[in-house]
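These are my notebook entries on what I looked up in the structure, written out in the order in which I went through it.

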Amino acid sequence: MAKYYLAVDIGASSGRLILGHLENGKMELEEVHRFENGMVKKDGELCWEFDRLFKEIKNGLKKCKEIGKIPVSMGVDTWGVDFVLMDKDDKVLGNTVGYRDHRTEGMDEEVYKIISLEDLYARTGIQKAIFNTVYQLMAVKKKHPEYLEQAETMLHVPDYFHYLLTGQKTCEYTEATTGQLVSPETKDWDYELIDMLGYPRKMFQKLIMPGTSIGHFTEEVKAEVGFDVEVVAPATHDTGSAVLAVPANDDDFIYISSGTWSLMGIEREKADCSKKSCEMNLTNEGGYAGRFRYLKNIMGLWMIQSVRHEFDDKYGFAEICQMAEEAKDFPSRVDANDECFLSPDNMTEEVKDYCRRTGQKVPETLGEIATVIYTSLAECYAKTARELEEMTGRTYSRIHVVGGGSNAGYLNELTAKATGKEVHAGPGEATAIGNITAQMLKAEEFKSIEEARTTIHESFGIKVYQA
Ligand code: LFR
């Protein structure tokens, strides 16, 4: 009887429950449930629908029961930085606001009144992104000080789902690092920083490392889904899980975890919190087994997802890729990392405006807009590769693209051309695979990360694009 492990992998645009097991030395996946995700407006704020998402998780669990595949363990991963605050009765305080909401505008300046950008970076190694937890908590402090007064617990999104499943309040390390309140030296909360900022210490739970057992289902969940299972923390930050699933064991490559965001970087044993690294806005996120992901956030396929939506979801991603290729000679480019693309009212208009503002030809058709986005992303990748090479004093010969975006063939071609490096695309479900891998490592189905990565390489097809 196969031993199944269940990944609940929720990204900003969709969530899925995926079962994984080993068969004849290969990892096999089975998607049991998939659902939509996205931020919705509530009281003028962009919010996540956690109640609905939790229902979807339970729907997926019920499907596991229906097909008779009860996993050995399960774990949740999601995007970073977002959180809920809970009061003494474990009631969520306020709206479940998401990171693209505008509440953080100006909150960087509020934080810098207390600690400078450079010092914040030196202490945490985390790049400036206006949506980091550190700025979001400042928005709460300024706009709803009563929530901070009442807050007993802060849980990041995966921690919150683990709590709903088990009743246990934990904070998983990789996710916590994205918030910019954790020290890469101690790998624990930077309580001095937390005190300086006036955030209540007591709401920060003890950090746990990926691979830690969290507990079993509550009686309520057990009764509803019809079984019980051990919940084990993976690298709950989706990027942490995705990078664990990069199918290579040497160090001659740069990865891109490609989804709503493109996270481009390398793995390292130590964080680089230098001034130069700060200026380049490279980050040191905490990873599996104490490693660091030294990377840059690039706006990524969010831009394409938004445009697709604005064209009434009429075309699939493959079709959009095709249209972009047909319009490949369109000359305009945008800075894919410009903040104007983070949360515009309308992405299509924002791209057009950017071209207009910078005196370039304005794209009109979907194909033209998509080609501007894809070529601009590829150029941004090339620039980031050069920065990583400058910071590490070495070169890298290939790029591993993992995650859903690895299916964007045209973008892979452009990336190979722009960077001059071979692009290895796949696996597309890297995040779920990484989540499952952490559980399998805990269960000793794999003896080491190297063994796991070899298996992943052998199990999933990889497509190579020559430079
Ligand atoms: C990717 C990701 C990135 C993080 C962004 C916002 O899904 O987790 O790593 O910077 O979402 O949380």
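I began with what pairing means here: two strands pair if DSSP finds at least two bridges between them. Helices (H or I, at least four residues) and strands (E, at least two) are DSSP runs, and I number them from the N terminus. I note that this is a predicted model, in which local features need pLDDT of at least 70 and side-chain atom pairs count only at pLDDT 80 or more, while totals for chains, interfaces and linings use all residues. Residues are numbered from 1 along each chain as its sequence is written.

**Entry 1: the sheet around β6**

I looked up M74 and found that it stands opposite V231 in β14. The strands concerned, β6 and β14 (residues 230–232), pair in the parallel sense over two bridges. M74 is also the bridge partner of L6, and I read that β1 and β6 pair in the parallel sense over six bridges.

Is β6 buried or exposed? I call a residue buried if 20 or more other C-beta atoms lie within 10 Å of its own, exposed if 12 or fewer, and partly exposed in between, with C-beta atoms placed from the backbone. Six of the six residues of β6 (residues 73–78) are buried, so this strand is largely enclosed by the rest of the structure.

I then followed the whole sheet, which is open and has six strands in the order β3-β2-β1-β6-β14-β13, with mixed pairing. Its edge strands are β3 (26–36) and β13 (213–216), each of which pairs on one side only. Neighbouring strands are turned by 25° against each other on average, direction ignored. For angles and axes, I use lines fitted to C-alpha atoms, for helices over the stretch in contact, and angles run from 0 to 180 degrees between N-to-C directions.

In β2, G15 is the bridge partner of I10. Helix α1 (residues 50–66) packs on the sheet and touches β1, β2 and β3, its direction making about 135° with that of β3. By contact I mean that the C-beta atoms of two residues, placed from the backbone, lie within 7 Å.

**Entry 2: two helices against α15**

Which residues of α12 meet α15? I found M303, I304 and V307 in α12 against I369, A370 and I373 in α15. The residues of this contact divide into six nonpolar, no polar and no charged, where Ala, Val, Leu, Ile, Met, Phe, Trp, Tyr, Cys and Pro count as nonpolar, Asp, Glu, Lys and Arg as charged, and the others, Gly among them, as polar. α12 (residues 302–310) and α15 (residues 366–392) pack at an angle of about 170°, with their axes 10 Å apart. These two helices are therefore roughly antiparallel to each other, since angles under 35 degrees count as roughly parallel, over 145 as roughly antiparallel, 65 to 115 as roughly perpendicular and the rest as oblique.

The axes of α13 (residues 317–326) and α15 come within 7 Å and cross at roughly 90°, and the pair is therefore roughly perpendicular. Here I320, M323, A324 and E326 in α13 meet L366, G367, A370, T371 and Y374 in α15. I sorted the residues of this contact into six nonpolar, two polar and one charged.

**Entry 3: backbone details**

I noted first that most residues other than glycine have a negative phi, and most peptide bonds are trans. N24 has a positive phi of about 50° although it is not a glycine, and I located N24 in the loop between β2 and β3. With 5 C-beta neighbours inside 10 Å, N24 counts as exposed. K187, also not a glycine, has a positive phi near 55° and is found in the loop between β10 (182–183) and β11 (188–189). K187 counts as partly exposed, with 15 C-beta neighbours inside 10 Å.

The peptide bond from G426 to P427 is cis, with omega near 0°, and I found P427 in the loop between β20 (422–425) and α17 (430–442).
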